[in-house]
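My notes follow in the order I looked things up.

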Amino acid sequence: MLTTTQSPLNLGQVQFGKPIDFSFEVRNTGNRPLQITKLWVGCASCTTARVSKAMLAENECAQVNVTFTPGSI
């Protein structure tokens with residue numbers, strides 16, 4: 001199982017078209033290795049999402065790096 005302890009992010013005032021980069025940690029809390037094969041973004045303004053490590057052993061962490069560009073389509 002993939003989990004995170006990341007609380008909601010407040011990006012403050014954002015400017016239309018100006019990219020904002022942020023990251024958060026995910027952890028494999030399952031009892032066997034887990035492979036991340038694909039990430040889906042929640043909206044068109046999330047222009048990229050990448051994981052630092054695709055294969056996670058039990059209790060191992062990875063960073064998810066996201067670029068949010070307000071107004072992107």
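**Entry 1: a loop residue.** I started with Asn59, which sits in the loop between β5 (55-56) and β6. This is a predicted model, so I read every value here as computed from predicted coordinates. I checked the backbone of Asn59 and found phi near 65 degrees, a positive value in a residue other than glycine. I noted beside it that most residues other than glycine have a negative phi. Is Asn59 buried or exposed? I got 51% relative accessibility, and Asn59 counts as exposed because the cut-off is over 50%.

**Entry 2: the sheet.** Next I traced the strands. I found 4 of them in an open sheet, in the order β1-β2-β6-β4, with antiparallel pairing. β1 (2-3) and β4 (46-51) stand at the edges with a single partner strand each, so one side of each has no neighbour in the sheet. As a reminder to myself, strands of a sheet pair through backbone hydrogen bonds.

I then went through the pairings. How many bridges link β2 and β6? I counted 8 bridges between β2 and β6 (residues 61-68), in the antiparallel sense. Along this pairing, Ile20 has Phe68 of β6 as its bridge partner, and Phe22 stands opposite Val66 in β6. For β1 and β2, I found 2 bridges, again antiparallel. There, Leu2 stands opposite Asn28 in β2.

**Entry 3: Asn28.** Asn28 belongs to strand β2, which covers residues 20-28. Its relative accessibility is 0%, so Asn28 counts as buried. What does the side chain of Asn28 reach? I found the backbone oxygen of Ala57 at 3.2 Å from it. Leaving aside neighbours within four places in sequence, I listed the contacts of Asn28, among them Met1, Leu2, Pro33, Leu34, Ala57 and Glu60. Asn59 from my first entry is also one of the contacts of Asn28.

**Entry 4: Ser45.** I moved on to the loop between β3 (34-35) and β4, where Ser45 lies. The relative accessible area of Ser45 is 14%, so I wrote it down as buried. A polar atom of the Ser45 side chain lies 3.5 Å from the backbone nitrogen of Gly71. Not counting residues up to four places away in sequence, Ser45 touches Thr67, Phe68, Thr69, Pro70, Gly71 and Ser72. Phe68 had already come up as the partner of Ile20.

**Entry 5: cysteines.** How many disulfides does the structure hold? I found 0. Cys43 is in no disulfide, and its nearest cysteine sulfur, that of Cys46, is 4.2 Å away. With a relative accessible area of 37%, Cys43 is partly exposed. I also looked up Cys61, which counts as partly exposed at 24% relative accessibility.

**Entry 6: the largest pocket.** I finished with the pockets. The largest holds about 190 Å³ of space. Which residues come closest to its centre? Of the 15 lining residues, I noted Phe24, Leu39, Trp40, Ala49 and Val64 as the closest. β1, β2, β4 and β6 each supply at least two residues of the lining.

Methods. Residues are numbered from 1 along each chain as its sequence is written. This is a predicted model: local features need pLDDT of at least 70, side-chain atom pairs count only at pLDDT 80 or more; totals for chains, interfaces and linings use all residues. Side-chain values use heavy atoms; hydrogens and water are left out. Buried means under 20% relative accessible area, exposed over 50%, partly exposed in between (1.4 Å probe, protein chains only). A polar contact is a pair of N or O atoms within 3.5 Å; within protein, one must be able to donate a hydrogen and the other to accept it, and residues adjacent in sequence count only if both atoms are side-chain atoms. Contact means heavy atoms within 4.5 Å. Two strands pair if DSSP finds at least two bridges between them. A disulfide is a pair of cysteine sulfur atoms within 2.5 Å. On a 1 Å grid over the protein atoms alone, a cavity is a set of points where a 1.4 Å probe fits but cannot get out, and a pocket is an open set with protein on both sides within 12 Å along at least five of seven lines; lining residues have an atom within 4 Å of a point. Grid points are joined across faces, edges and corners, and a volume is the space filled by probe spheres set on the points.
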